[in-house]
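Me: I would like to learn how to read a structure step by step, with the general idea stated before each case. Could we work through one together?

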Amino acid sequence: MRRTLLLLPALFLITITIVLGLGNQRSVEVKETPMRERPGFLGSPLTTLNYGDRIEVLGEQQGWTRGRFAAAGVEGWVHNSALTTKEIVVNPGTRDVERSATDTEVALAGRGFNEEVEARYREEQGIDFSAIDRIEASGVPVDEIAAFIAAGELNDPDGGEQ
Amino acid sequence: MSRNRYRDRPGYRAVIIGAAIAVMVMALVLACAGLGDVADFGTAVASQTGVISEQQADSVRRSARAVERSAEDITPEQEYYIGRSVGAVITDRYELYEDEEANRYINTLGQTLALFSRRPETFGGYRFQILDSDEINAFATPSGIVFVTRGLLNLASSEDGVASILAHEIGHIEYQHGLQAIRTSRITAALTSVAITGTQFATSEDLAELTATFEDSIDDITQTLINSGYSRSAEREADRAAVRIMKRAGYDPAGLIAVLEEMDRRLDPRGLDFAATHPAPDSRISDIRDEIDGYSHTARATDAREERYRAALGRL
């Protein structure tokens, strides 16, 4: 009897963990990021997540979060540097604005220093942004990075802490 | 024996099951109470858009001030817009080095190194661009665009050396040193303004006011990058990050020392470039030696690295 009773606190903790786990969400805080089949940069992408997308956390491993993206019904891995525990409200209403003023766990997408402010700044300063736009478009595809790593006999970025 | 006595009692199983259910219900209630905020999120998202009243604005202003605001509260999205404009100021002052092969090499090397950093993903990603200048200089803008001059790249004589330069700049982005150059008063002003005009700019004055704060923030960063430089501790942090990134990637961290030794030989102490904005190379070298002490690098595939380094940057 005593031993059985000892199991009750364990049951209590397990239930709490499961229920809280269900509500454990992360938001994508970068423009876009791939959700991958395995925890690694060179892994194949299952789908692309966009800024503000919410995923339900299923697990974590060495800097990566395994999550479920309900909107597309996909489960996969996303790097932690692309995620935040904050809620990012993509089309904020008045109540969201009020919430974000007092709650640092709420962020408003597209507000504050944004495209509109940049356009105004650009106009006032008379600075040309075309070079920046061109540089920004110069992302290197992941297969080229993988080939560069292989040819230079560099370490596997997905091989864990070195 | 005594255990059996309990088990034999009628109703024992019912008591245990009852207790288990009670415990689970208790846990459920407690856990759901913690989820209250999450439930609120859903209803709040559905609320109407519009500009808030003056009275609401006042209350928001008060509460926003009550919340501590710092560089960490700048969202990656806003960091990205700050970085773009800092970058635009730099491309306005410096000529870009227009050699596709050289830039492609730097960009591929830099984006590879970023994967080994503590912050592999930023809002818009990492980009690396060579500036057509003999000056010994580099600028890491918030969120990931990195500029390096021909003059600085020429201090390196191998891919490992170039990697050390780029890894140091990635370190500045990782630690958000650029954002930390913005005066706290501006961050508070900007984030309070976001709080008030969050749904849309009420008037063109609101936009003008926020743009003025934006301009001041860009000035804070470009002044630091171009004229005053980061603090000595920020540079040490970036050097340590460079060593860590290089070790993880499989580059020889001593490449950074080789570059700094060359810099020490060539830097004009009265110069307006790295001489003005960075601690003296020799003082950085001794710190880095401590950092890589005990690390034995196994040189691999130096031929392949050497070959592509020469092919891409040989004309620099």
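Me: How many helices and strands does chain B have?

Reply: Helices (H or I, at least four residues) and strands (E, at least two) are DSSP runs, numbered from the N terminus. On that basis chain B has 16 helices and 3 strands. This is a predicted model, in which local features need pLDDT of at least 70 and side-chain atom pairs count only at pLDDT 80 or more, while totals for chains, interfaces and linings use all residues. Residues are numbered from 1 along each chain as its sequence is written, and chains are lettered from A and ligands numbered from 1 in the order in which they are written.

Me: What is the secondary structure of chain A?

Reply: Chain A comes to 5 helices and 9 strands, and from the N terminus its elements run α-β-β-β-β-β-β-β-β-α-β-α-α-α.

Me: What share of the residues counts as buried in chain B, and what share in chain A?

Reply: A residue is buried if 20 or more other C-beta atoms lie within 10 Å of its own, exposed if 12 or fewer, and partly exposed in between, with C-beta atoms placed from the backbone. Buried residues make up 45% of the 316 residues in chain B, and in chain A 31% of the 162 residues count as buried.

Me: What percentage of contacts in each chain joins residues at least 24 apart?

Reply: Two residues are in contact if their C-beta atoms, placed from the backbone, lie within 7 Å. Of the contacts in chain B with a separation of 6 or more, 72% are between residues 24 or more positions apart, and for chain A, among contacts between residues at least 6 apart in sequence, the figure is 43%.

Me: Which residues of helix 13 of chain B are buried, and what covers them?

Reply: The buried residues of this helix are B:Gly255, B:Leu256, B:Ile257, B:Val259, B:Leu260 and B:Met263. What covers them includes helix 8 (159–174), helix 12 (232–249), helix 14 (274–277) and helix 15 (281–292) of chain B.

Me: At what angle do helix 13 and helix 15 of chain B pack?

Reply: Two packed helices are described by the angle between their axes and the distance between the axes. Axes are lines fitted to C-alpha atoms, for helices over the stretch in contact, and angles run from 0 to 180 degrees between N-to-C directions. Helix 13 and helix 15 of chain B pack at an angle of about 170°, with their axes 9 Å apart, which makes helix 13 of chain B roughly antiparallel to helix 15 of chain B. Angles under 35 degrees count as roughly parallel, over 145 as roughly antiparallel, 65 to 115 as roughly perpendicular and the rest as oblique. By class, their contact has 9 nonpolar, no polar and 4 charged residues, where Ala, Val, Leu, Ile, Met, Phe, Trp, Tyr, Cys and Pro count as nonpolar, Asp, Glu, Lys and Arg as charged, and the others, Gly among them, as polar.

Me: How do helix 8 and helix 12 of chain B cross?

Reply: Their axes come within 7 Å and cross at roughly 120°, so helix 8 of chain B and helix 12 of chain B are oblique to each other. Among the residues that meet are B:Ala163 and B:Ala167 in helix 8 of chain B and B:Ala238 and B:Ala241 in helix 12 of chain B. The residues of this contact divide into 8 nonpolar, 4 polar and 3 charged.

Me: Where is B:Arg308 found, and with which residues is it in contact beyond its neighbours within four places in sequence?

Reply: B:Arg308 is found in helix 16 (residues 302–313) of chain B, and counts as partly exposed, with 17 C-beta neighbours inside 10 Å. Leaving aside its neighbours within four places in sequence, B:Arg308 is in contact with B:Tyr105 and B:Glu159. The C-alpha atoms of B:Arg308 and B:Tyr105, 203 residues apart along the chain, are separated by 8.3 Å.

Me: Is B:Ser143 buried or exposed?

Reply: B:Ser143 is buried, with 27 other C-beta atoms within 10 Å. B:Ser143 lies in the loop between strand 2 (138–140) and strand 3 (145–149) of chain B, and its phi is near 85°, a positive value in a residue other than glycine.
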